[in-house]
Structure formats: C-alpha cells, structure tokens
Amino acid sequence: MPQTHSRTGGHLSRIRSRARRQAVLMTAVLAAGMALATPAAAAVPAGTPTDAAAANRVAVHQEAVTAAQQQAVLDYWTPERTAALTTPASANPPRSAPDGAPWTGADGLSRTVGRLFFTNHGEDESCTATVVDSANRSTVVTAGHCVNSPDLLGDHDEWLSNEMFVPGYHDGLAPYGRFVARAGVADATWLLNDEQSALKYDAYDQAFLVLNTDAAGRRVQDAVGGAQRIGFDRPGGAAVHEFGYPREASGDPARAGLPEYTGARLAYCAGRAREYPGTKDHPEPRGVWGAPCVMGGGSSGGPRIAGLDPSSGIGTVVGDDTQGAFFDSAGRVCDHGSAGCTRHLAGPQFTSAITKPLYRAAEHS
C-alpha cells in the first residue's frame, strides 16, 4: 500500500505513489562556507550532511525579483482569491483548550506570525510562516513543503509560485502590509522528496523565504516592529506553544468552523512536546517533535516556540510544524480514531546541521 502523509499545509491528506522522480529541478546551490558542528545532544538523522557539506547543500531559488514580478503576485491575490482559501464558518459555540484555541495574548506574537499564500502545481493554498530576527530584517521561516513540493504523485518537484506573506492576517485584513517572496531557501535533500520516504526526508521539511519590501518600502521586521528569535539544537521535549492558520480542527467536530479553524484567524496550542517515531511501517527520522494539537490543514510551517514571554509575545522558534502524530495516554503511537488516541502537531526540531545553513543563507540574501 502507498504511504499516506497527513501534511498540514495545502492538501490536508495526500496519498503518493511509490514512483521516485528521476530528475530534480534545482535553480541554485549556495556555498555558504561555514563550519557548523552539531552538539552531541542533538538528534541528527542518519545521512545528515554536516559542516561544510551542509553549507553546500543550500538551494536558493529566485522568485519575484523585479517590481513587475512583485506587482504581478500582489495583483494575483485578490480579496476574492484569498477568501476562497477560508473554510465556511459554523454555528458551533466557542471552545478553547490547550490543544487548540484562538490567540488572544500579546500583540507581539500575532504581529510576527502570519499567513503564507502560494500556488502549488496550479492550485492555490496557504500555510503559516514566522518573522525571525535576521541580518536583512526580511526573513521568515516555514515548512519545506510550503516552499518546494512535488505533485500529487510525488513527481515533478517545483518551487511554489505567487508566495505572499501577510503578518498578523485576520478576517481578510493585512494590518502590517503584504510581502512578496524574493527568494526561497531549502536544503537540496528536500528537493528530492518523493512523499514516500519519510525516514529519509521529513527532517528536511523546513525552509526560509526572503521577502521584498512592502508597498511602503518597509522590510517585514520593521513593519511588524519585532521578530522571534531562532534556536538550534534545543531539547525537544520542552513546554512549547505552536501557532498557525488552520483551515480545519482535525478530529474535533465541536471546533469545526470556528474562526480560528477556517484560516481567518490565528490559533495556537500549548503543551509539552513529544518525539514522534512514526509507525512500524512508516518510521520517522529522529528529531520530529510536537505537542497535543488539533490544528489541521493550513498550520504547516507554523512555529514551535519555546520560552514564550506572555507579556511581549516573543520567544524562540525551535522547530516548524508539518504533520499530525498520534499517541495514547501511555505515550505509545496509536491509530487515528482509536479510543484514547490524542492528536499532536509535529515537525522537525531545528539543528545546526540542517537549519542553520539555511537560515544563514536566507538572512544574508
């Protein structure tokens, strides 16, 4: 049977064939020339490039560079087109819990997290991205499959188009401007992803976007008035907050159609992260972590933040969210839908070996 991935980006669930692509499109490979060591405490997937080898596997794709290209993306995302990516509302009464709630906390958090719109193989989709402190003040972090993805059969890899980030997005509004992506940055290994070999590729499901200035000439970090910190090789099993713009409440019909599960508003979960090993038939690499969370499609790329300051809304992004994972009360992996099975929202923990070369390349682009 083909493997089923429960990605939380554009498609809610995709079933891929076992066919591997024979060729991969790469626009550029940037040699950053950095020597980066991975501390012994960090979980490093087998085959992970280290030191100079990692720096030489940074793929950079130029997106909307000219003024005309940027305007074309802004023109593409009409109010009608973005509204089409919002799930219909329901009459369900408001419901909040640690595994999913609307964010009503510090404004500093909601300014730095935003909705990411793009076109994937001809289909409009959305994810979540986060402004991280950077030298160019123009860098956001998201999931790899929100920047580069194969088609439904796991073939025809492509860099996604019409990438536009809207920090603080809510109810169709862009309170801090709209920012078109100038470049995408991902690990070259991710570009080989066939959506079948989770053990080989899922640690690389992370990426950065370098943004153009907005219509007022502001860089995104200046427009929102701050940024989240980014951390590498942090312990995975920490208390974290996860944020996103989900378009569904996965497995919880009581929360379906609430504004924070339609893509209209920011949602969050809070709890202690657990490492997801995958299943016996479809194991995951080391370093995939997540907390209990019902945020579904659209929350991909959302930040997993440790040490969030409730007053400032600033913490340290230690990973990104990419998929659902399921555990029973004893911490064992269980089948979705079985009694006592709790959904977690999981994704790769950021490391010096994989993430830091991408981040360095992005912030100096």
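How many disulfides does the count come to in this structure? The count comes to 3 disulfides, a disulfide being a pair of cysteine sulfur atoms within 2.5 Å. The structure is a predicted model, in which local features need pLDDT of at least 70 and side-chain atom pairs count only at pLDDT 80 or more, whereas totals for chains, interfaces and linings use all residues. Residues are numbered from 1 along each chain as its sequence is written, and side-chain values use heavy atoms, with hydrogens and water left out.

**Confidence**

- Where pLDDT is low, the predicted coordinates should not be read in detail.

**Disulfide C127–C146**

- C127 and C146 are joined by a disulfide, with an S to S distance of 2.0 Å.
- The link of C127 and C146 is left-handed, with -75° about the S-S bond.
- This pair links distant parts of the chain, 19 residues apart: C127 lies in strand β7 (residues 123–131), and C146 lies in the loop between β8 (139–142) and β9 (148–149).

**Mixed six-stranded sheet**

- An open sheet of 6 strands has the order β5-β16-β15-β19-β20-β14, with mixed pairing; strands are DSSP runs (E, at least two residues) numbered from the N terminus, and two strands pair if DSSP finds at least two bridges between them.
- Its edge strands, β5 (101–102) and β14 (229–230), each pair on one side only.
- Strand β15 (residues 239–244) runs antiparallel to strand β16 (residues 267–272), joined by 6 bridges; G244 has A267 in β16 as its bridge partner.
- β15 also pairs in the antiparallel sense with strand β19 (residues 303–306), over 3 bridges.
- In β19, A306 is the bridge partner of V240, and I305 stands opposite H241.

**Antiparallel four-stranded sheet**

- A second open sheet contains 4 strands in the order β17-β18-β22-β21, and its pairing is antiparallel.
- The edge strands here are β17 (274–275) and β21 (323–327), each of which pairs on one side only.
- β17 pairs with strand β18 (residues 288–292) over 2 bridges in the antiparallel sense, and W289 in β18 is the bridge partner of E275.

**Second largest pocket**

- The second largest pocket holds about 230 Å³ of space, a volume being the space filled by probe spheres set on grid points joined across faces, edges and corners.
- On a 1 Å grid over the protein atoms alone, a pocket is an open set of points where a 1.4 Å probe fits, with protein on both sides within 12 Å along at least five of seven lines; lining residues have an atom within 4 Å of a point.
- Of the 14 residues that line this pocket, W103, S110, H170, R265 and L266 lie nearest its centre.
- The lining divides into 7 nonpolar, 3 polar and 4 charged residues, where Ala, Val, Leu, Ile, Met, Phe, Trp, Tyr, Cys and Pro count as nonpolar, Asp, Glu, Lys and Arg as charged, and the others, Gly among them, as polar.
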